[in-house]
Amino acid sequence: MLSERMEKALNGQLAAELYSGYLYLSMAAYFSSENLPGFARWMRIHRLEEITHGMKFYDFIESRGGRISLAGIDMPPGDWESALQAFEAVLAHERKVTLMIHDLVDLAIEEKDHGTNSFLQWFVDEQVEEEESARNVIQNLKRVEGAPGGIYMLDKEMGAAVFNPQPAGIAGGVG
Ligand code: OFO
């Protein structure tokens, strides 16, 4: 059984994950408009991953006898000055999400809610990967800065990204 405080916090994170998906969908549209389909595909895949993250929270809340309470999702920004600026925004956003996950872990520890703490550890590890992945793209973008055609080569690489449905729970939230 979840405490009322924990149930509210987990529902808040569910909304935050859906917002992440909405943000990356907005970035996908931005990259399409810049004629960078590989970057757009990367963003669309990340959007799917974020929806999966949200559904992990959804399923977990229900599995603990909690009640789902959906919140409004903020409007994401729709424009960036460059691919580099967009990925710096991705990294800043993921760092924010990392802090949110850590706050949830702190709450679970404070409440001696070991089940929630164990569930959250997957997200702790995932955030390490997400930050690393954004940092790598930033590094690559900096490398090709000023090199004509460099961004199009990177775009090809980004287009090779594949969706990993990340098992555990109901992948993609379709069940
Ligand atoms: Fe980007 O990992 Fe969830 O939010």
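Does Asn 35 count as buried, partly exposed or exposed, and at what relative accessibility? At 56% relative accessibility, Asn 35 counts as exposed, where buried means under 20% relative accessible area, exposed means over 50%, and partly exposed lies in between, with a 1.4 Å probe and protein chains only. The model discussed here is predicted, with local features needing pLDDT of at least 70 and side-chain atom pairs counting only at pLDDT 80 or more, while totals for chains, interfaces and linings use all residues. Residues are numbered from 1 along each chain as its sequence is written, and side-chain values use heavy atoms, with hydrogens and water left out.

The phi of Asn 35 is near 60°, a positive value in a residue other than glycine. Most residues other than glycine have a negative phi, and most peptide bonds are trans. Another positive phi, of about 55°, belongs to Lys 112, which is not a glycine either. Lys 112 is found in the loop between H3 and H4, and at 66% relative accessibility it counts as exposed. Asn 35 may also be placed relative to Tyr 152: the two are 117 residues apart in sequence, and their C-alpha atoms are 9.4 Å apart in space.

The helices come next. Helix H1 spans residues 4-33 and helix H3 spans residues 83-110; the two pack at an angle of about 170°, with their axes 11 Å apart. In this description, axes are lines fitted to C-alpha atoms, for helices over the stretch in contact, and angles run from 0 to 180 degrees between N-to-C directions. The angle therefore makes H1 roughly antiparallel to H3, given that angles under 35 degrees count as roughly parallel, over 145 as roughly antiparallel, 65 to 115 as roughly perpendicular and the rest as oblique. The contact of H1 with H3 has 21 nonpolar, three polar and four charged residues. For these classes, Ala, Val, Leu, Ile, Met, Phe, Trp, Tyr, Cys and Pro count as nonpolar, Asp, Glu, Lys and Arg as charged, and the others, Gly among them, as polar.

Charged residues also form salt bridges, of which the structure holds two; a salt bridge is a side-chain nitrogen of Lys or Arg within 4 Å of a carboxyl oxygen of Asp or Glu. Glu 110 forms a salt bridge with Arg 5, and the closest N and O atoms are 3.1 Å apart. This pair links distant parts of the chain, with Glu 110 in helix H3 and Arg 5 in helix H1, 105 residues apart. Glu 110 is exposed, with a relative accessible area of 53%, whereas Arg 5, at 48% relative accessibility, counts as partly exposed.

Arg 64 forms a salt bridge with Asp 113, the closest N and O atoms being 3.2 Å apart. This pair also links distant parts of the chain: Arg 64 is in the loop between helix H2 (37-63) and H3, and Asp 113 is in the loop between H3 and helix H4 (114-144), 49 residues apart. Both Arg 64 and Asp 113 are buried.

Tyr 22 lies in helix H1 and, at 40% relative accessibility, counts as partly exposed.

Ala 29 is found in helix H1 and, at 47% relative accessibility, counts as partly exposed. Ala 29 and Arg 41 are twelve residues apart in sequence and 9.8 Å apart in space, C-alpha to C-alpha.

Note on methods: Helices (H or I, at least four residues) and strands (E, at least two) are DSSP runs, numbered from the N terminus.
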